[in-house]
Structures are given as structure tokens and as C-alpha cells.
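Here is a short briefing on one protein chain. Look over the sequence and the structure, then read on.

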Amino acid sequence: MRASFARHYPRPLANLVKLNAENPKEQSAGGLRADGFRTLEWDGRTPLALVDVKGRIIAMLAGRPDGDSWDSTCNDVADAMLSAGDTLGPAQPGRRGTHHTVHVGVSYGGGQQEPMNLANSKTKSNIARLLLKHDGVRRVVGFASSALAFYAPKLYHHAADTLELLHDRYPHLHRNFSNSVYPTATFNLGPQVVTLEHVDCANLPHSWCSIWAGGSFDPQTGGHFVFYDLKLMVEFPPGSTILVPSSTLRHGNTGLPHDAKRVSITQYMPGGLTRWVRYGYRPVKSLTPEERWRIDGPPGSRIEWAVGQWSLVGELLEDRLHCFGAVA
Ligand SMILES: [Fe+2]
């Protein structure tokens, strides 16, 4: 039965992961500190931008919406995800860590002939259905999508344009959420989500993946978001959201005490989807060098374009105006 299922439904190529260390292991905050990592004490509320030497916003600690109801929303989501994870039995070690995952949305890559909806086992499909219509989940993912529009308007605008073309052409492809621009998501169900050092190499390299954390844990003790390239650990409280180029920057979490519960929801843009649309709804390998030159420009120009999709701090208001016709 399982083999038959696998033949009919490719595994979620949008979620390919590359581990950077040879044998990545769960690392404690204390261990990383001893290795020279700095700690950023973040309250999970105050928006903070990570800016490069040229003033480009490369990642965003977006925080959370104002209002008293956010905590109860996040608690409801975490409870729903933990309950769903319980139905799957003990989690087995995977490439990212030891926790249950459910991938949902649209994917394209590897041996797929064209973009398609990700498929799951019957049990995980039922979990996906439950979570996709959960009001709290919709609020969480909607906030992340809004934060992307607010802090990276050019990234949002490009994603929205690309996906509109994709869905116009392939109406059978599902949108996960009507209030989120992201085409693909992963529910990390726990019971204790601690990801090992990795990059999500199938995501569009400069795009920002959104990560929301939930559960009950002390963010000063564990669950930090680790930027390995920056030797930086960020306290990542439950209920908060961060946006990072997960295909470009190595990342993971610090370990948690045994009794801690942690779940997360990630949303992302598979690079294969944007290439499929940009190259005229056909695979990259079908293009001649001349066609690629015509579409992509001379060597190096795509990288320049991609980096230019990150807003400069001083031009963020102008970028919002340009992309959306109004300053939010
Ligand atoms: Fe990741």
C-alpha cells in the first residue's frame, strides 16, 4: 500500500533539505555560547530587521500582532497541532530533527512533469484538512504573509504575481490559505520541534520563509533561532514570527528541556515554481542557452536582481508605495 502510494505521489520536493554539518546534532544554547555564538534577547513583539552592510533588510524578526487575543489564538493552534501529532505515535529521527511534519500546498521539482499539489497519507491528509481550516492557523499564517508584504514588499509582489499566473493556468492547484501569499507550508507537529542545522535548498534563494513558533517553553532556555552564518542565536518566544531566507542562511534551533512542548508552522516559496512560470511553463532543461540568456539576461544579472528584491531600509516606504500603490 505504501509503495503504491509512493509511486503515485512524489515526495514533497519543495521541501528538500541540505544539512551542512556532516553529522548535525541537537545543540544547546549553552554549547553554542561556548562556541562563541552571541545571543539576541528578543521579546517576540518588537520588530527587528537584520540588515547587511549596504542597508538591505535580509531577514526580519516580525513579532506578533497587538491585542490580547493573540496568546489564546496561538495556544489553540499549538494544542491542535500537538493533538494531531499525538495521533501519529512516537516521532522518528528525520533529516531536520525528531518531530512529525505535514507538508501542504504546491510543489514542483525533480521528476515532476509540472507543478502539482503535495500529497500525504490518509492520516496526514486528515490532519492537513483540520489545520488548513483552523481559524487560529489562518490568523497565524495571515500575519506572516502581511509581515512579508510590509517588510519585503518586492518579494511579496513578485510571489503574488507569479502565483496568480500559475493558478490561472492550473486551476486544479490548491491555495493553502486565502489570506496568505505563500504557496506551500509545513506543519511541524512536535511534540518537541528542534530543527538541526540546515538550509532549505529547494526554496527560492532570496525569498523569505516565514516561521511561527508555538507551544510552552522558556525562550531563554531553548528553542532559539540560530543563524549559523552569523554566529547568532535569537530568543524566539512562542507566538512570534520570523522571516528569513531559509535557502541561503544556515539555520536551526537550540535544544529544549524534556518537558517543553514546541511546534512550528513554516511557509515558503519553492524555487521551482517561479522558474516554471518565468521560463514559460516548461522545465529549465528544455531551454536553449539563447532562450535562457533572453529571459535571464547575462550571467550574474539574476543574482543582482534577486538581491535587489530586498528593500533598503531607507527605501522601504517607497517600495511599499511602488508595489501596492499606498504606504501601509
Ligand atoms: Fe528550514
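**Helix pairs, sheet and overall form**

The crossing of α6 and α7 is left-handed. This comes from a predicted model. The chain's secondary structure amounts to 10 helices and 12 strands.

**Helices α6 and α7**

- Helix α6 covers residues 153-169 and helix α7 covers residues 271-278; their axes come within 10 Å and cross at roughly 70 degrees.
- Angles from 65 to 115 degrees count as roughly perpendicular, so α6 is roughly perpendicular to α7.
- On the α6 side, the contact uses Thr162, Leu165 and Leu166. On the α7 side, Leu273, Thr274 and Val277 meet them.
- Sorted by class, this contact of α6 with α7 has four nonpolar residues, two polar residues and no charged residues.

**Helices α3 and α5**

- Helix α3 spans residues 69-86, and helix α5 spans residues 135-151.
- Their axes come within 8 Å, with a crossing of roughly 115 degrees.
- α3 and α5 are therefore roughly perpendicular to each other.
- The crossing of α3 and α5 is left-handed.
- Thr73, Cys74, Asp76 and Val77 are the α3 residues here. They meet Gly136, Val137, Arg139 and Val140 of α5.
- Which classes do the residues of the contact of α3 with α5 divide into? Four are nonpolar, two are polar and two are charged.

**The sheet**

- Strands of a sheet pair through backbone hydrogen bonds, and the pairing is either parallel or antiparallel.
- Eight strands form an open sheet here, with antiparallel pairing. Their order is β2-β3-β10-β7-β12-β6-β4-β5.
- Which strands are at the edges? They are β2 (48-51) and β5 (116-117), and each pairs on one side only.
- β2 pairs with strand β3 (residues 57-63) in the antiparallel sense, over four bridges.
- Leu50 has Ala59 in β3 as its bridge partner.
- Helix α4 (residues 122-132) packs on the sheet and touches β4 (100-107) and β6 (184-190). The direction of α4 makes about 75 degrees with that of β4.

**Overall form**

- The chain has 328 residues, and a compact globule with that number would have a radius of gyration near 20 Å. The chain has 19 Å, which agrees.
- Taken along the principal axes, the C-alpha atoms fill a box of roughly 55 × 55 × 40 Å.

Terms used
Residues numbered from 1 in each chain as written. Predicted model: local features only at pLDDT ≥ 70, side-chain atom pairs only at ≥ 80, totals over all residues. Pairing = 2+ DSSP bridges. Helix = DSSP H or I, 4+ residues; strand = E, 2+ residues; numbered from the N terminus. Contact = placed C-beta atoms within 7 Å. Axes fitted to C-alpha atoms, helices over the stretch in contact; angles between N-to-C directions. Parallel < 35°, antiparallel > 145°, perpendicular 65-115°, else oblique. Left-handed = near helix turned anticlockwise from the far one by under 90°. Nonpolar A, V, L, I, M, F, W, Y, C, P; charged D, E, K, R; others polar. Rg over C-alpha atoms; globule rule 2.2 N^0.38 Å.
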